[in-house]
Structure formats: C-alpha cells, structure tokens
Amino acid sequence: MKAETRERIEALDEMTVAELREEYARVWGEPTRSRHKRYLQKRIAWGLQANDEGGLSERALRRAEELANEADLRLLAPRGRRSEVRPFRPPKPQRDPRLPMPGTVLTREYKGTTVAVTVLDEGFEYRGEVYRSLSSIAKKVTGSHWNGFHFFGLDKETTR
C-alpha cells in the first residue's frame, strides 16, 4: 500500500462524521445516508485501498457477473390467490413452567384469611372473577404490589 493511502486511512480516525461523509462522497463519487462513524471509516478505507491497488481482478469481476446472471433472482413476490396467503399469527406463548396444571387450587394464609385461587388454561379464578395474573390477585388481597409467584410460593424449587 502506498504511503499516501496509508496516511489518508490513518487520518480517518481524527475526522468527524460530517468530514467522513464528505470524504466518502470524494472516494465513492456519490453521497451517503449513513452517519455511522465506524462504518464510514471502514468503507472509505476499503475504497482508498481498492483505488490504490486496483480493486477486484478482472477474473473475479467476470465470475461475479456470471454468478449474478445465473442466479434465479425474484424481483416481485409470487402472485397467487388471496386464499393462498395466510395471515401472520404469532406463536402462542409457552406456559410458565412454574405454574401447576390447570384445575389446581393454590392456597395461602394471609392475615387470618385463606386465599384460594384456581389455575385456569388462560388466567386464574379468585372469588368468581378471572384474573390474568397471580400478581393482580395478590394486589387485590393485600392492597400493595406483590410478585404473584412469590406470594403463592411458586418461586421456590419444587419437585414435580
């Protein structure tokens, strides 16, 4: 690599993003939308080295062109009937492994009262109402925020 090219590459570390964008335009002959300093430094350095050493060989350029011509590139999405296109449905979340099987009744003594909660497939039942989380039930019972798993003792290691 020429000494002049090496000096220009070393000078990139001292440049601001605005200066790097100007240098990019000089090296590549077109402006950039990037404001990522490290990316601009790498891209400019590569361009300077390619200009200095001649870039890719003719053989490599021909091979790249052959590969591009042979590639079966799709430019448009395939056409099909509307019924063939299925809407995206996110996967159903996994059930928390700390929870017991649906139908299990969790009990806890709190200030002389027994709190009984039934585990459902989707949520928890407490006093005839369905709640989305154990924490919301614990808050209803105590009046302050609790971690539901901790309140009902489900955060401890259990043998199943």
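Predicted model: local features only at pLDDT ≥ 70, side-chain atom pairs only at ≥ 80, totals over all residues.
Residues are described as buried when their relative accessible area is under 20%, as exposed when it is over 50%, and as partly exposed in between (1.4 Å probe, protein chains only). Residues are numbered from 1 along each chain as its sequence is written, and side-chain values use heavy atoms, with hydrogens and water left out.

A salt bridge is taken as a side-chain nitrogen of Lys or Arg within 4 Å of a carboxyl oxygen of Asp or Glu, and by this rule 5 salt bridges are counted. One of them joins Asp52 to Lys2, with 3.6 Å between the closest N and O atoms; this pair links distant parts of the chain, 50 residues apart, with Asp52 in helix α3 (residues 37-53) and Lys2 in the segment before α1 (3-11). Helices are DSSP runs of H or I with at least four residues, and strands are runs of E with at least two, numbered from the N terminus. Asp52 counts as buried at 18% relative accessibility, whereas Lys2 is exposed at 53%.

A salt bridge also connects Arg26 and Glu23 (2.7 Å, N to O), residues that lie 3 apart in helix α2 (residues 17-28) and are therefore separated by about one helical turn. Arg26 is exposed, with a relative accessible area of 56%, while Glu23 is buried at 5%. The side chains of Asp96 and Arg98 likewise form a salt bridge (2.9 Å, N to O), and Asp96 is partly exposed at 25%, as is Arg98 at 35%.
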